[in-house]
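Please keep the viewer open as you read.

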Amino acid sequence: MADDTVSSGRSNSSCAGACDCDGHRADERGLLAVAMTENAFRPVAAARRPYLIVNPRSGGGKASRFGIAERARELGAQVLLLDPSRPQDLVAVARRAVDDGADLLGVAGGDGTQAVVAGVAAQSGVPFLVVPAGTRNHFAMDLGLDREDPSAALEALTDGVELRVDLGYAGERAFVNNVSFGAYAALVQDPAYRDDKIGTVVRILPEFLARHTGPELVVRAGLLTVDRPDAVLVSNNPYQVDDPAGLGRRAQLDSGLLGVLAARAETPAETVARLRGGQTHGLTNLATSEGVVVDADVPVVPVGLDGEAVTLPTPVRCRISPGTLRVRVPRHRPNVAHAGQPPGWGAIRRVASAVGRTVHGPPPG
């Protein structure tokens, strides 16, 4: 499949604003600006009745290790500690909290749990607090939060600023990072993915892209149609163009654009060659403010919704809601990172090289 790098299906550039040659939004120091500029952050008064949902299983028990529930209560929050043996409807829980007077909703957990409650916060117009107590916490990374110490995010309860970010929707389901189809969704279905996302991608991404079988997909976005891609990633704001696994950063969270990556690989050797070189050949890369429709030849498809394995009826209509989510973050936080390859990408390339030796044979000499 020929390369396509388009914006809204019309232009040959996926960049919006000042970008460097790799499509990264960079400041004058050569650092990738996370989320948005500081002048977009608005000082706010402390919430009077914050409500925090804590998932004790996320991140291997990270919330318990950092005493998230106890610290949040000390700061005046009402805390719901989820019981793993008694699953709850988090949408209903969050809506009930707002009905009872909560003026801030927060989640200490992974991205999948964050997305569910973020959707309620956006609909209710109350601010949302992200406590990165999951395994990867990509949303927190792009917000500039400290993922090594999730308790630091609780400073937003007393000394916070607010920003507005976009929220993606797949049908009626909100997502803060991305929704994946085809081989990417199959990765999420792998039982090992929840415990070791990077390791699972490293282990099986080349084979999944090269040999994936499943429903035949069709992607439509504006004037562009992509037939039978093996893997599709629709993201809340575009990822860097050298990040076909969606493991890295987004330069913005408020561009009002969906990112679309669609990959098609004819042979294992072709897939390996692309991954070994970190190439984007064979990728359709799209940034669009229009809706994206992913259809299939079956009535329902497995998808990965912010890393959670779910099924959705086809066609799946994805859209972005610009600036709909009010996010409360600490006034002081790490908010820049060196632009470069996404976490784990070097490992993926090393695995691809090993697979390449199997496919092509050992190098001469």
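Which residues does L325 touch, not counting residues up to four places away in sequence? They are A118, A121, A122, F128, F139, L163, R164, V165 and L167, where contact means heavy atoms within 4.5 Å.

## About the model

This is a predicted model, in which local features need pLDDT of at least 70 and side-chain atom pairs count only at pLDDT 80 or more, while totals for chains, interfaces and linings use all residues. Residues are numbered from 1 along each chain as its sequence is written, and side-chain values use heavy atoms, with hydrogens and water left out.

The protein has nine helices and 20 strands; these are DSSP runs numbered from the N terminus (helices H or I, at least four residues; strands E, at least two). Of its 365 residues, 55% are buried, where buried means under 20% relative accessible area, exposed over 50% and partly exposed in between (1.4 Å probe, protein chains only).

## The nonpolar cores

A nonpolar core is a set of buried Ala, Val, Leu, Ile, Met, Phe, Trp, Tyr and Cys residues joined through side-chain atoms within 4.5 Å. The largest one has 36 residues, and L105, F128, F139, L143, L325 and V327 touch the most other members. Elements that each supply at least two residues of this core include β6 (104-109), β8 (160-170) and β19 (316-330). Helix α4 gives the most, with six residues. Apart from this core lies another, of 26 residues, among them L224, L258, V303 and I320.

## Salt bridges

The structure holds five salt bridges, each a side-chain nitrogen of Lys or Arg within 4 Å of a carboxyl oxygen of Asp or Glu. In one of them, D142 pairs with R250, with the closest N and O atoms 2.7 Å apart. D142 sits in helix α5 and R250 in the loop between β13 and β14, 108 residues apart. Both D142 and R250 are buried.

R331 and D159 also meet in a salt bridge (2.7 Å, N to O). Because R331 lies in the loop between β19 and β20 and D159 in the loop between α5 and β8, the pair ties together parts 172 residues apart in sequence. R331 is partly exposed at 35%, and D159 is partly exposed at 31%.

E162 and R328 form a further salt bridge, their closest N and O atoms being 3.2 Å apart. E162 is buried at 3% relative accessibility, and R328 is buried at 5%. Together with R326, they are linked in a network of salt bridges.
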